[in-house]
Amino acid sequence: MASKPTGRGSIARVVGASLIGTTIEWYDFFLYGSAAALVFNHLFFPEADPLTGTLLAFTTYAIGFLARPLGGLVFGHFGDRVGRKKLLVLSLLLMGGSTCAMGLLPTYAAVGVFAPVLLTLLRLVQGFALGGEWGGAVLIVSEHGDDRRRGLWASWPQCGAPGGNLLATAVLAVLAATQSDEAFMAWGWRIPFLLSGVLVVIGLWIRLVVTESPVFLDAQAKAEQREETSSVPVVAVFRTHWRQVLVTIGARMAENVSYYVITAFILVYVTGPLGLPKSVGLNAVLIGSAVHFATIPLWGALSDRLGRKPVYLFGTVAMAVWGFAFFALLDSKSALVITAATTVGLLLHGAMYGPQAAFFAEQFPTRVRYTGLSVGGQLSSIAAGALAPIIAVALLQGFGSTIAVSGYVLAMCAITLVAVALAKETAGSSLHDEAPEERLAVTR
C-alpha cells in the first residue's frame, strides 16, 4: 500500500514545525559542547591542567549521550502507543528547561564540587530529552510525506543539527567578538543558555499546530479492527528486528564520530596545540554549519533518485579519506584553510546524514518504528558521539599527533561501510504496514 501524498501546505507545516523544534533542541545540546571546550573546563573543573580539565568537561558532555538511549526507549515506547506529537512537545519542554537552568548554575568557585554535580544532572536531562526528540521528529515528517520524496522531506529535521550548531556557534561568536575574555568568563557565557527559554516558547507554539502522523493513525485503526493485543515495542524490536537495529547502530558510527570530531574537537585543537584564538574555530564551524544546513536536503533528494545506500556509502568512503586531510589542513594555522577544511568535512558528512532519516525509518514497521529508530540510533550515540571528543583528546594527549585521531575516524568508517553494505535498499518503499499475510509473502 503506497503512502498517500500529504498536501504541499500540510507537509510544509509539518516540516517547518519539526525543523524549528529540532533546531532548538540541538541548539541546547550543542551549546553545551561548545561551552565544554571553551568555558566549563575553567569554571567547573579549575583544579586540573588545561587538557585534563577539557577531558573532564567532555566527560560530562558524554554523560548526556548515556541518557539518550533511555530517552529513546521511553519516548519510543509511548510514541508507538499514543502517537508522535505528544512526545515531541514533552521533549522540547524538558530540553529547554534543563538548558535554561544551566545558565543559572553557580560555578566551582561559588559552591565547589556541587557545581559539576548539578551540571552533570542537567546534562542527563538534556540527553534524555534529545534521545526522544530525534526519532519523533524524523518520523512525523516521514509518515506525513509520500514514498517518492521521503528522502527529501525527512532530511529537513536532520537540518536541525547543523541549524542548532549554527545558532549556538553564532551566539557564542557574537559574544566572543563583543566581550572581553574576562566578561565572557564571568557572566557572558550564561546568555546563550538563558536564551533557550525564549526559543522554546516559539518552538512550542509552532509544534502544537501539527497533526498526528496519518501512518500511525492508520496502523492504530487496523490493529483495533483486528483486535490485536498490543505488545511492548522494545521487546518486539529486539525479538524480530534486531538485524535492523544493528544496521542502524553501525550506520551511525562514522556519521556520529566524524561530526563531533569536526565540530567539537576542532575547538580544543585550534585553541590548544595550534594556539589560535577561539574565534578561528568558532567561525570555521559557523560557516561550515551554514553550508551543511543548505546541502543536507540535496543529499536527501539525491537518495530518492539513486537510492539510500549509494549516497550513504559515498559519504562514508569520502569521510575516511577526509579524516586525514582535515588535520593536515588545520595545521596550516590559516583561518581561511581551517574554514575550508571544516566546510568540506561537513559537506561530506551530509552525504551520510541527509539520507539517514528516511533510511532508518524505512527499516521498521509502524507499531515499533519510533522505538526501533530511537533505540538503534541512540545506542550508537554512546559508542560514537559520546566518546568521540573524549577519545580524540586522549589520543592527542597520548600520541602527541592527530594521525591517531584520523585513524580512529577511519576505523569507524569501516564499521559503517560494512553495516550499510549489508542493509537492504529501501528507497521508495511504503511506510504503511501490510496485512500479516502480505508481510509473510514479502519475507518469503
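Predicted model: local features only at pLDDT ≥ 70, side-chain atom pairs only at ≥ 80, totals over all residues.
View 1. Residues are numbered from 1 along each chain as its sequence is written, and side-chain values use heavy atoms, with hydrogens and water left out. Among contacts between residues at least 6 apart in sequence, 87% join residues at least 24 apart, a contact being heavy atoms within 4.5 Å.

**View 2. The nonpolar cores.** A nonpolar core is a set of buried Ala, Val, Leu, Ile, Met, Phe, Trp, Tyr and Cys residues joined through side-chain atoms within 4.5 Å. The largest one in this chain has 102 residues, and those with the most contacts inside it are F40, F44, F265 and L330. Helix α13 (residues 242-271) gives the largest share of this core, 15 residues. Apart from this core lies another, of 11 residues, among them V15, I140, W153 and I206. Leaving aside neighbours within four places in sequence, F265 is in contact with Y260, F327, P389, A392, V393, L396 and V405.

View 3. Helix α10 (residues 190-207) has 18 residues and reaches 26 Å from its first C-alpha to its last, close to the 26 Å expected at 1.5 Å a residue; the expected span of a helix is 1.5 Å times one less than its number of residues. A kink of about 25° is centred on V198, the bend at a residue being the angle between axes fitted to the seven residues ending there and the seven starting there. The buried residues of α10 include R190, F193, L199 and I206. G103, in the loop between α4 (84-102) and α5 (108-111), counts as buried because its relative accessibility is 2%. Not counting residues up to four places away in sequence, G103 touches R190, F193 and L194, and the C-alpha atoms of G103 and R190, which are 87 residues apart along the chain, are separated by 4.6 Å.

**View 4. Helix α6 and the side chain of Q158.** Helix α6 (residues 114-142) has 29 residues and reaches 43 Å between its first and last C-alpha atoms, close to the 42 Å expected at 1.5 Å a residue. This helix is mostly covered, with 22 of its 29 residues buried. Q158 lies in helix α7 (residues 150-158) and is buried, with a relative accessible area of 0%. Setting aside neighbours within four places in sequence, Q158 is in contact with W134, V138, I296, Y353, Q356 and A357, and its side chain reaches the backbone oxygen of Y353 at 2.9 Å.

View 5. At 1.5 Å a residue the 27 residues of α16 should span 39 Å, which agrees with the 39 Å between its end C-alpha atoms, although the helix bends by about 40° at P355. Of its 27 residues, 21 are buried, so that α16 is mostly covered. T343 lies in α16 (residues 335-361) and is buried at a relative accessible area of 15%; beyond its neighbours within four places in sequence, T343 is in contact with I287, G288 and V291. K333 lies in the loop between α15 (308-330) and α16, is partly exposed with a relative accessible area of 46%, and has a phi near 65°, a positive value in a residue other than glycine.

**View 6. V237 in helix α12.** V237 is found in helix α12 (residues 233-240) and counts as buried, at 0% relative accessibility. Not counting residues up to four places away in sequence, V237 touches W242, V245, V368, T371 and G372. The C-alpha atoms of V237 and R369, which are 132 residues apart along the chain, are separated by 8.6 Å.

Methods: Helix = DSSP H or I, 4+ residues; strand = E, 2+ residues; numbered from the N terminus. Buried < 20%, exposed > 50% of the residue type's maximum accessible area, 1.4 Å probe, protein only. Polar contact = N/O pair within 3.5 Å; in protein donor to acceptor, adjacent residues only side chain to side chain.
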